[in-house]
Amino acid sequence: MNFLAHLHLADISNTHLVANLSGDFAKGNISQHPKHLQQGIWLHRQIDQITDSHEIIIDLLKLFPKTSRRVAPILIDLVFDHYLAFYWEEYHHQPLDEFCQKAYHQLNTTLELPSTLQAIAPQIIEQDWLSSYQTRLGLNQAIKGVSKRLSKPELFDHAIKDIDKIYVDIEIAFRTFYPQLMAYSRLYSRKTPAEYLPL
């Protein structure tokens, strides 16, 4: 899952939005991170583990053309965010723009963020990354943005065309899998180890 999905899953599981988002940037032992971020980091890791091992995702990865297979997991995350934004009203009671503003406010006010998240937070907010996922143009821009932040951007050279080839397959996978992941996030939030619960 990518940024919007992790924030959404945090919200529906009644956990800290930005703490969950921090899981993408928080490395090493959870206990080494600030207490107010620990539950979110733990839940983020559970969500990623469930996603990576689920048969729907494993089967979807096999559909990617060879030209993009090495970055297929990243592309799935991005396209899932696109579909979540596109169908947002089916998954959340709050309008997407209001939810994004809530997330941006929390991102702007949460202390002790991982340094890499702190560094890109102004871009996320100013360029409105979350709501931009609603359109194919926004998705394509997100793919280009991710490629620039990685050491081998050329791996994404065929990404947009390759996504076009299996665009409907990704949608079917999202619509089938994401409601399950919502249920998992609610369940796992209640199973958070006591040592990671906020004070």
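**Reading the labels**

Trainee: Why does Gln106 count as buried?

Mentor: Buried means under 20% relative accessible area. Gln106 has 18% relative accessibility, so it counts as buried. Keep in mind that this is a predicted model. You will find Gln106 in helix H6, residues 96-109.

Trainee: What makes the pair Gln106 and His16 a polar contact?

Mentor: The cut-off for a pair of N or O atoms is within 3.5 Å. The side chains of Gln106 and His16 are joined at 3.0 Å, therefore the distance meets that cut-off. Leaving aside neighbours within four places in sequence, Gln106 is also in contact with Leu17 and Val18.

Trainee: Which residues touch the most other members of the largest nonpolar core?

Mentor: Among the 67 residues of that core, they are Leu4, Phe64, Phe80, Leu117, Ile170 and Tyr178. Helix H5, residues 72-86, supplies the largest share of this core, with nine residues. Take Leu4: beyond its neighbours within four places in sequence, its contacts include Asp81, Leu84, Trp88 and Phe99.

Trainee: How do you know which helix gives the most to the lining of the largest pocket?

Mentor: By its residues in the lining: H9 gives the most, with seven. The pocket holds about 600 Å³ of space. Its lining has 22 residues, and Asn2, Phe3, Trp129, Val146 and Arg149 are the closest to the centre.

Trainee: What kinds of residues make up that lining?

Mentor: Eleven are nonpolar, seven polar and four charged.

Notes
Residues are numbered from 1 along each chain as its sequence is written. This is a predicted model: local features need pLDDT of at least 70, side-chain atom pairs count only at pLDDT 80 or more; totals for chains, interfaces and linings use all residues. Side-chain values use heavy atoms; hydrogens and water are left out. A nonpolar core is a set of buried Ala, Val, Leu, Ile, Met, Phe, Trp, Tyr and Cys residues joined through side-chain atoms within 4.5 Å. Buried means under 20% relative accessible area, exposed over 50%, partly exposed in between (1.4 Å probe, protein chains only). Helices (H or I, at least four residues) and strands (E, at least two) are DSSP runs, numbered from the N terminus. Contact means heavy atoms within 4.5 Å. A polar contact is a pair of N or O atoms within 3.5 Å; within protein, one must be able to donate a hydrogen and the other to accept it, and residues adjacent in sequence count only if both atoms are side-chain atoms. On a 1 Å grid over the protein atoms alone, a cavity is a set of points where a 1.4 Å probe fits but cannot get out, and a pocket is an open set with protein on both sides within 12 Å along at least five of seven lines; lining residues have an atom within 4 Å of a point. Grid points are joined across faces, edges and corners, and a volume is the space filled by probe spheres set on the points. Ala, Val, Leu, Ile, Met, Phe, Trp, Tyr, Cys and Pro count as nonpolar, Asp, Glu, Lys and Arg as charged, and the others, Gly among them, as polar.
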